[in-house]
Amino acid sequence: MYTGKDFTFKLLWHFARKNLFRTLVVSILAVILYKYCGWTFIGIPFVPIASIGTAVAFYVGFKNNQAYDRLWEARKLWGGFTNTSRNFTVQLIALVDDKTIVKEMLRKHIAYINILRLQLRKTIPWATSKENIHQTFRGERAEIEEFDAGLKKILEENNKLQYYEELKGKNNVASGLLKSQILELTKLKKNKQLDEYEHSDLVKHVNEFFNLQGGCERIKNTPLFRQYSIFSRVFVILFIFLLPFGLLKDLSQLATWGTWLTVPFSLLISWVFFTMEQIGEYSENPFDNSVNDIPLSTICRNIEIDIMELLGETKLPEKIVPIDDVLL
């Protein structure tokens, strides 16, 4: 998640350079053909282009609203993880007398949220920006190997390495850990360490984790409907391509050099429209490891700190801070 108050020129250039270069080539070519080759017929009226621009602006605005809804829903779901984790921790500490079991279950929960973070950040090609300029896709095999290494590291850090062989290779590792939590709670009930009502309350929290996880997976596995995502880009590119030809005639009337004003005005207008389109595209998948995505690592670390504080631990992990104005 980008946390800076302003976007630097370097960051803006990173996202805009390809579009600006294409627009520069088209606008210069249009000026040369119009002014020096005598192809005055390519100077088309601006009114139809303005009409297209208005329609494109509405269409892109609708797409961006849908993309923002996905981004904001993802953030609310992880806010739910934070709140439910606190409730689960406090009730488990209060209801279970064996503090060793409590600590083990809560360490498992910390492992769970971090493994879910890894699952959600797996790359899905259709859910990743077509230009792919905000991350590098290193191939499915490499990613699977990285996930297995991350899974082993998280389980080892939380003293749960015994689950590695059982969970490795499963389609949904996080759900497997939640299942083990319910089995452990049921065992405590059978051993009379929890009564029926206490068991029911704790299981409700685990079920809520299932619901929150399902909400995140729905966003991750379901793209913004392609008719909105694809045609938005098509319409913007069409408008940007036609734009210089619509400016030629009007700007040439200002002065003998007025035709060349087509270039800077085309660049400026195309940058505005293309940036609007990019905002929606990069908000579509909030778990795509982008600069503007949900800061899952930070949220998971904050949950871990909350749980360890409630357990009375004094040696706490450090909070994650932004690096180059980006919070992971």
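Tutor: From the N terminus on, the elements of the chain run α-α-α-α-α-α-α-α-α-α. The count comes to 10 helices and 0 strands. Keep in mind that this is a predicted model.

Student: What makes the chain more spread out than a compact globule?

Tutor: Set its radius of gyration against the globule rule. The chain comes out at 27 Å, while the rule gives 20 Å for 328 residues, so the chain is well over that value and counts as more spread out.

Student: How much of the chain is buried?

Tutor: Of the 328 residues, 44% count as buried. The cut-off for that word is under 20% relative accessible area. As for the surface, the chain exposes about 17,700 Å², with carbon and sulfur atoms supplying 60% of it.

Student: Now the charges. Why is the pair Lys-63 and Glu-277 called a salt bridge?

Tutor: The cut-off is 4 Å between a side-chain nitrogen of Lys or Arg and a carboxyl oxygen of Asp or Glu. Lys-63 and Glu-277 come to 2.7 Å, N to O, so they are within the limit and the name applies. This pair links distant parts of the chain, with Lys-63 in helix 2 (residues 46-95) and Glu-277 in helix 9 (residues 262-283), 214 residues apart.

Student: Why do Lys-63 and Glu-277 count as buried?

Tutor: Lys-63 has 1% relative accessibility, so it counts as buried. Glu-277 has 0%, so the label holds for Glu-277 as well.

Student: How do you know that Glu-73 and Arg-218 form a salt bridge?

Tutor: Their closest N and O atoms are 2.5 Å apart, so the pair is within the 4 Å cut-off. Glu-73 sits in helix 2 and Arg-218 in helix 7 (residues 196-221), 145 residues apart.

Student: Are Glu-73 and Arg-218 buried, exposed or partly exposed?

Tutor: Partly exposed. Glu-73 has a relative accessible area of 26% and Arg-218 has 43%.

Student: What makes Glu-313 and Lys-103 a link between parts that are 210 residues apart in sequence?

Tutor: They form a salt bridge, with the closest N and O atoms 3.1 Å apart. Glu-313 lies in the segment after helix 10 (296-310) and Lys-103 in helix 3 (residues 99-120), so the pair ties those parts together. Glu-313, at 26% relative accessibility, counts as partly exposed, as does Lys-103 at 38%.

Student: One last residue. Why is Pro-286 called buried?

Tutor: Its relative accessibility is 1%, and the cut-off is under 20%, so Pro-286 counts as buried. Pro-286 is found in the loop between helix 9 and helix 10.

Student: What is Pro-286 in contact with, leaving aside its neighbours within four places in sequence?

Tutor: Pro-286 touches Arg-70, Leu-71, Ala-74, Ile-219, Asp-293 and Ile-294. Pro-286 and Trp-72 are 8.7 Å apart in space, C-alpha to C-alpha, and 214 residues apart in sequence.

Key:
Residues are numbered from 1 along each chain as its sequence is written. This is a predicted model: local features need pLDDT of at least 70, side-chain atom pairs count only at pLDDT 80 or more; totals for chains, interfaces and linings use all residues. Side-chain values use heavy atoms; hydrogens and water are left out. Helices (H or I, at least four residues) and strands (E, at least two) are DSSP runs, numbered from the N terminus. The radius of gyration is taken over C-alpha atoms; the globule rule is 2.2 Å times the number of residues to the power 0.38. Buried means under 20% relative accessible area, exposed over 50%, partly exposed in between (1.4 Å probe, protein chains only). Accessible areas come from the Shrake-Rupley method with a 1.4 Å probe; for residues, only the protein chains shown count as cover. Contact means heavy atoms within 4.5 Å.
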